[in-house]
Each structure stands twice: as C-alpha cells, then as structure tokens.
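Please prepare a short briefing on the local features of the following model.

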Amino acid sequence: MISAFHSESMPDGIERVTFDLPDRSANILTRDAMDELRRLVTDWRRRSDIRALILQSAKDGIWIAGADIDQFQAIGSSEDGERLSRMGQAIFNDFADLPFPTIAAIDGACLGGGLELALACRYRIASRSEKTKLGLPEVLLGIVPALGGTQRLPRLIGLRAALDLILTGRRIGAGKALRKGLVDETYSETIFDEWSLRFARGVMGDAKPRRRRRWREWLLETNPIARTIIISIARKRVLEKTGGKYPAAPAALECIGAGLGAGIEEGLLREASSFGKLAVSAESRNLVRIFRWQESARKGESGETKPLRSAGVLGAGTMGGGIAWLLSRRGIAVRLRDTSAGALRAGLKSAWKIHEGSIRRGRETQAQAEDAMGLISPTLDLTGFRNAGIVIEAVVEDLQVKREVLAGVESAAMGGPIFATNTSAIPLSSLIEGARWPERVVGMHFFNPVHAMPLVEVIRGEKTDPVVVETVVALARRLGKTPIVVKDTPGFLVNRILGPYIREACLLLEEGYEIGQVDAAMKEFGMPMGPLRLIDEVGIIVAAKVADNLDGGAIPAVLQALVKDGRLGRKGGEGFYHYSKGLARIPWMGPRERPDETVRNLPGIPRRPMGDPVDIVARLVLPMVSEAAACLEEAIAAKASDVDLASVLGFGFAPFRGGVLSYADHLGLELVLSNLEALASRFGERLKPHPGLVERAKDGREFHDD
C-alpha cells in the first residue's frame, strides 16, 4: 500500500508531515488513510526527538476536503455507522493527546472531517488564499460531525459561534476564522511554508495554548441556565427554518448540549450514536446523492472549448447586472450594454449591491470588490463586442426583441462571439430564424437571483456547434455554477416541469382555495416557498410569458388578471402577496409579506365549484412527476439524476426527498399512476399520466436503479 502521509524530520525537532493521498486530486479521510494515521500517532507518541509537529497538505487548494463519501454511503446499519464514528474519534483523541505541540498548517479547503482533525491539533494556522475555507458542512448531508467536531468546536470558539457554523454548514475564510478564534494566525500563501516553521518554533514547549476569550461570552456560556437558553433558542430557530424535515441539525444540538453538560466523553458517545442513526436515514441518503450529482456536474471534464477572456452582457436589468457581477468576480472583463444611461447606472448599482453583501459577510475585501467593478465597462452601443468571446443576452422575455438583439450583435460583431441567450422559455429554434450564424447561438439560462442560485441550464439547439455548448458548460463551471445540458424545447427542463405546478396552483385559487392554504401545504411538503409565492419571486409578467411559451397562449386566468391589475410580484410590492416596506418590516410590526386573499376578486378570474376537498400536495406534485417523466422520455435531459438535480437547484424541490423523480420512486410508480388517473377523472385529461410513465410503471422500472 502506498503511504498517504510523508514525514520529514527537521534538525530542530520539528516533524513536518505532508498528507498526499495517492491517485486522488483531493485529500480525503479514507479508511486506509485513517488506519495509517492511527499507526503514525502510536509511533509519534513513542518518539522523544519530536518537539513540534506540522500537518500540511500536498494538494493544491485543498488541505483535507472531508471524509470519503463512497465509504460513508456503504454504511449498512446504524450500528456500523456508530462503530465507524467511535473508531475515528479514538484516533483523533490519541492525536490530540500527543505530548508535543501539533499545528494544522491549513492552505486550502479544510472541511468536515478535515476541520475535525484540525480541531484535534493544538494550534491551527491558515493561509490567506481565497481557496482556504473552513467549515463543518455535515448537516447539509443529513448527518452530524462524527469525529469530535460537535465537542471541540464549542470549546474552542464558544457556543454561539460554534452553533452558527455547525447548524448552517457554512464555510468561512481565513480572516473570519481568525476573528472567531478558529485559527491562531494567518499568513500570505506566498510565505506560508516558511512561516509555518517559524510558528512551530515559537510554540515549542507549550503545554497548552494561551488563548484569550471574551469574558462575557465565557461567563454566559459556562452558566448552565444561560447555556440551556442559548440551545433552546437555537432549536426553536432550526425547527422554524426546517419545519422538522431535517433531523441532523436538532441532533447536532443534542450532541453539543450533552457534551457541555455532562462532559466531552458523553458528548462523543452521543455524537457517534446520532451519526449512526442519521447515516442510514432516507433524508441523508437523498442529500448525499444530490451532493454527488452536483459535484459531478460542477467538476466534470469539458470537451473541446473556445478561450474566453472577455464577455459582453446585453441588458443592465437585475439579471444583466447580476451576470456582469458574476463574470467580473471571476476576472472576466465585461462590456455591459443597455439603451439608456439610467439603465446602466441601475445595472452597476445592482452589481455593487451584491459586492456590499459579500464584503459584509467577509467573502471579499473592499479592494477586491473595487477591482471586480473595474472590469465592468458600461456602454450605450456595441463598441468592443466584436472582441468579446461570448455575448450573454439578458433583455426582456420577448421573442421579437431577442431576435433584433441577435441580429444587431451579428451585424456589429460579424458573428465572432458566442451568442448565449438567457431566455427562460423561448426555444432557440424560434430565436434563430433568420440568424446568420445559428451554430454560435446557445442558451445559458441563469436563475434569479444570479449570485445565489447555483443552477445554469445550458440549452443545446439543433444547429448549435458542440464546441459552443462545451465552452458554455466550462464557463458555467468557472463561474462556480452547476451546469446541466438540456435539449431545446419550450420551457427547457426546469420551467417545463414547473408549468403544471403553477397551472394547478392557479386553478386551485379559482376553485376557492386560499393563497395561504395552497402555499402552506407545499411548505409543509418541504418546499422553501409555495407556488404562488414563487410566482411573485419570479415576477408576474415573467411567469405569464413562460406560461404563454409552454402552453401556446394558455396563460392561467389568475395570472392574466394580475398582469392587467399592474401587479409585478415581490419587486413591485404587490402580487399574490402584499410586501411591507419601511417600519412594517420590523419583526414586531408583523410579517414582511402576507397573502392578499382579495386577488380572487379581480376581474376576469372565474369561480369554479370547489367540490370535495382535494389533497393539495398530490394535485400539485404528481403533475410535475408526469412532466418530469416526459422530459426524460423525450431526452430533454440525459438522465434521471439531471432531472432531479435541476428540480432541487432550480426551484427548490424538497432536497431531503431527493428530487422529483426520486420522490416518485419512493412513492412507487403504480401509486403515482393510480393517483394521477384519479385526478384526471375528476379535473380533466390534462392530468393523465404521460405514456412514458405508464410504460415504466408497467415494466417495473424505477427512475433510479441505485
């Protein structure tokens, strides 16, 4: 077996240990690596020549990325999971008990089990590289930290700061880690190796690190009553946010509370027990599958691509400004074009507003933000677009306008750049009618808000050059997004699946159901927001235009009425909901948004008999299953995992359910069919299951065979 840890004994008593997992691009804690570490710890303990030990990584941009997901998924029972956790805890405990200073020299990603190993070190130093991120993302995979993280982190940085990291799974940079006390020093990556040695020499002989804690925090968190209150408040907030659908965060709270109340050994026992139970839960299995699919989409190998050094963005609205921000943030020079100076100012303002949020959260510095903004050049014409590698169109969702924009770019740039349209639903086949270079036209559908939504649909037209598709996929990955390639069709993948969901929600209002009733049912199901609140978020006009493209002009009467009433959705303050401003946004003044049940009284909305109460979830979700099955049968998406990933990342289909097709597998396709047939007999032929779904159920073929 090839060793993963390589030791270098320095003359002054420093043991420099480099972790370099063979045949892997990232360091992860495999079973073999953990076994080797256990043997090394035993050897180090016996040696009298070691005065300090530095643990570093040979991987570029990665210290230790976490545990081995493959081995984690192979856990067959809760007992196996608990046993695995206890074995790892024992190794890290022995490491923490070494009789000399140990220093985690973190240069790159330090996540999950990697951070837990760093916590077992006596000291932690970090490089100031942008790649250096520290975090415990286990709750995002439906589990708890299993190697002592729930015990060591609160003792190091305090209960409240630890809760923030453990319960959210967020990752922080070196600067914030230093302020929180998670690391002891930070250094520039250019001098990091040299200063790691200097730091080690400076702490030789230290029996215990000398750290300053804020005395008020210490007094508050060592008080059992105060500690109980803090954990109780955190538990309440977690339940409010998750609706009780994600058991990992409450379990982590129990582990932390047990350890602080009854001692670290009791906390470790609780941690291992919780990990074992959660590791084999359906919620964790689904979340891990989504994680693996997303990592595969984000890090896959691209084929032949074109070089992209600069870009043009057409339209300086919310989407255009967000896209310009995203490109410039990754070092790509951008020409931002609109038809008026006021629109350009608004676009630049929206881009800077995103930077302000990043600065507040410690994700970038003021200087970095200003450098990125300096890469955005506003313009009222198409000067300079010929030299752009790609032009991304983000104008109004109108076919004729988009055709005119494409014609203008082709004329000004002589067909040089790739033309990527950010359309939500208009098929490329309609857009390229009359185009001179249709092979250079591709869809690049970002989701709003651009800076927050991870998905990008890359639409491959019948005439699109495969190199153009691969170039846009590579660009999406460079921008930190998750690309999914889909075939050209009205609505593409995400909006086509959403079509029946939105349609049936609007029909439920016509049948007498209340806005709050419909949305509450879907939030209880696990959606981040209900379908009517989602329409407000997308925008009433955009939703109506998408429906128009999907159903050939069959825009739901409710949407037509809202458009005629001048309602824009959340950005305009009125839609299905009323959005408060000013003092009304103060929590004790009431909710920020409230359903406007008077919507049903707008002119043009028919009143349909309610009849017997209907299962709102079945009425809204099962038509999505049928449409998703149709997309798979028609090869709109290449595989079921793409459909599920798009449903989770594109519109928030309950992640713990694994995606729309995974949910169908869980229910059983025969039950899905019978329920759709029952809905169709009551509400119309539109709800009949797609023939592909019928055939799949008859053949006993699930969407996923793993």
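Exposed residues have over 50% relative accessible area, buried ones under 20%, and partly exposed ones lie in between (1.4 Å probe, protein chains only). The model is predicted: local features need pLDDT of at least 70, side-chain atom pairs count only at pLDDT 80 or more, and totals for chains, interfaces and linings use all residues. Residues are numbered from 1 along each chain as its sequence is written, and side-chain values use heavy atoms, with hydrogens and water left out.

**Surface charge**

- A surface patch of positive charge is formed by Lys349, Lys353, Arg360, Arg361 and Arg363; patch residues have over 30% relative accessible area and no salt bridge, and like charges are joined within 9 Å.
- Arg363 belongs to the loop that connects helix 15 (341-360) with helix 16 (366-373); helices (H or I, at least four residues) and strands (E, at least two) are DSSP runs, numbered from the N terminus.
- With a relative accessible area of 54%, Arg363 is exposed.

**Cis peptide bond**

- Asn448 and Pro449 are joined by a cis peptide bond, with omega about 0°.
- Pro449 is located in the loop between strand 16 (441-446) and strand 17 (455-460).

**Positive phi outside glycine**

- Asp23, which is not a glycine, has a positive phi of about 60°.
- Asp23 sits in the loop between strand 2 (14-19) and helix 1 (31-46), and is exposed at 79% relative accessible area.
- Phe492, also a residue other than glycine, has a positive phi near 55°.
- The loop between strand 18 (482-487) and helix 20 (494-510) holds Phe492, which is buried at 0% relative accessibility.

Technical notes:
Patches are made of residues with over 30% relative accessible area and no salt bridge: like charges are joined within 9 Å, nonpolar side chains (Val, Leu, Ile, Met, Phe, Trp, Tyr) within 5 Å. Accessible areas come from the Shrake-Rupley method with a 1.4 Å probe; for residues, only the protein chains shown count as cover. A salt bridge is a side-chain nitrogen of Lys or Arg within 4 Å of a carboxyl oxygen of Asp or Glu. Lys and Arg count as positive and Asp and Glu as negative; His and the chain ends are not counted. The place of a charge is taken as NZ of Lys, CZ of Arg, CG of Asp or CD of Glu.
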